Amino acid sequence: MTHPHTKGHGHPNGEKHGATLRLVAWETTRSCNLTCAHCRASADNGPYEGELSTEASFKLLDQIKNVGSPIIILTGGEPLLRPDIFDIAQYGTNIGLRMVMAVNGTLVTPDIARKMVDSGIKRISVSLDGSGSEFHDTFRGVPGAFDGAMEGIRNAKDAGLEFQINTTITKANLTQIPKILEMAENIGAAAHHIFLLVPTGRAKDIEDQAITAREYEDTLNWFYDQRDKTSLQLKATCAPHYYRILRQRARAEGKTITFDTHGLDAVTRGCLGGIGFCFISHTGVVQPCGYLHTDCGNVTEKPFDEIWTSSKKFLALRNYDLLTGKCGPCEYKRVCGGCRARAFEATGDFLAEEPLCTYVPQSIR
């Protein structure tokens with residue numbers, strides 16, 4: 001699963017009950033035509049039981065609309081394997097939701113690209129984890145995946161559909177990130193989003209490929225340095241420390257962080273799970289994010305709007321004072337928050353300290 005974040009979401013307002021829903025990633029199907037090494041869902045070429053019907057899908061979108069007007073990421077698996085995906089996209093568009101789609105690119109034919117545009121899809125994300133086929137195809141588990149993704153991107157461009165590139169960073173492709181960013185620029189992407197590996201699903205099998213806390217810090221500092229060198233929108237996902245680094249670096253440079261100087265980075269925070277963002281599984285389970293496997297309610301049993309506003313787990317995530325370990329006293333916890341999924345995988349407690357962080361809060365030095 002990958003996220004095509006898009007323009008137009010402001011501060012997530014994560015305090016206590018006042019969380020503003022900005023973004024929903026909905027796993028419309030778990031079926032997939034690839035077998036990626038890092039897959040959160042351990043997705044395979046299904047079918048999977050219990051996926052929401054077309055009617056239930058429309059009802060879910062109505063309930064989401066009751067909460068606000070978040071961006072809806074239709075994801076998977078591979079959402080294009082769902083026969084009614086364009087009916088779902090069209091319905092969301094009709095009720096005023098901004099619909100985007102996360103795909104692997106290999107199924108985006110000229111006809112599919114036109115259907116995306118016609119049903120109101122505003123942007124797609126395509127995952128590229130290498131600057132060429134060698135690494136990408138190995139990582140994605142299918143020979144030809146890179147060439148297929150590039151052809152899908154060309155078809156999207158020809159249809160006038162905006163696209164972004166998503167890259168999951170591991171030890172194996174860490175040195176390729178600058179090349180992938182350059183490639184994203186050259187092929188006309190609107191954005192490049194980097195994802196730091198979270199060890200869930202199949203990613204547990206490649207946990208030894210996760211970069212270290214030091215490499216993490218260095219990578220995010222490098223990413224910060226690219227801000228003024230590229231026309232792309234840059235976003236670090238599952239990397240909440242970036243928002244601490246952003247402020248540390250800006251202060252060192254004598255800059256004030258405003259929307260004018262730092263764009264969306266100035267008005268969002270690190271971990272948005274349960275605060276401005278949530279994930280809905282293919283069977284209707286609502287989670288803070290796709291990597292944090294804790295059940296906050298099921299839309300087949302309780303309306304989504306009720307889950308979003310009253311889930312005890314969501315309310316806990318919105319109260320930053322409940323964070324423990326060194327995240328608790330950290331002066332950056334309101335802009336970073338640590339990756340709650342990594343904390344959960346490491347300790348079984350999603351309020352524990354982020355395990356991949358080198359920073360020591362001033363109050364406990």
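A crossing of two helices is left-handed if the near helix is turned anticlockwise from the far one by less than a right angle, and right-handed if clockwise. I am working with a predicted model, in which local features need pLDDT of at least 70, side-chain atom pairs count only at pLDDT 80 or more, and totals for chains, interfaces and linings use all residues. Residues are numbered from 1 along each chain as its sequence is written, and side-chain values use heavy atoms, with hydrogens and water left out.

**Entry 1: two helices.** I looked up α1 (residues 54-67) and α2 (residues 85-94), which pack at an angle of about 25° with their axes 10 Å apart; helices here are DSSP runs of H or I with at least four residues, and axes are lines fitted to C-alpha atoms over the stretch in contact, with angles from 0 to 180 degrees between N-to-C directions. Angles under 35 degrees count as roughly parallel, so α1 is roughly parallel to α2. I noted that their crossing is right-handed.

**Entry 2: where they meet.** Taking contact as heavy atoms within 4.5 Å, I found Ser 57, Phe 58, Leu 61 and Asp 62 of α1 meeting Asp 87, Ile 88, Tyr 91 and Gly 92 of α2.

**Entry 3: Gln 226.** I located Gln 226 in the loop between α7 (213-225) and β7 (233-237), where strands such as β7 are E runs of at least two residues. Gln 226 is buried, because its relative accessible area is 11% and buried means under 20% (1.4 Å probe, protein chains only). Leaving aside neighbours within four places in sequence, Gln 226 is in contact with Leu 181 and Leu 234.

Terms used. Buried means under 20% relative accessible area, exposed over 50%, partly exposed in between (1.4 Å probe, protein chains only). Angles under 35 degrees count as roughly parallel, over 145 as roughly antiparallel, 65 to 115 as roughly perpendicular and the rest as oblique.
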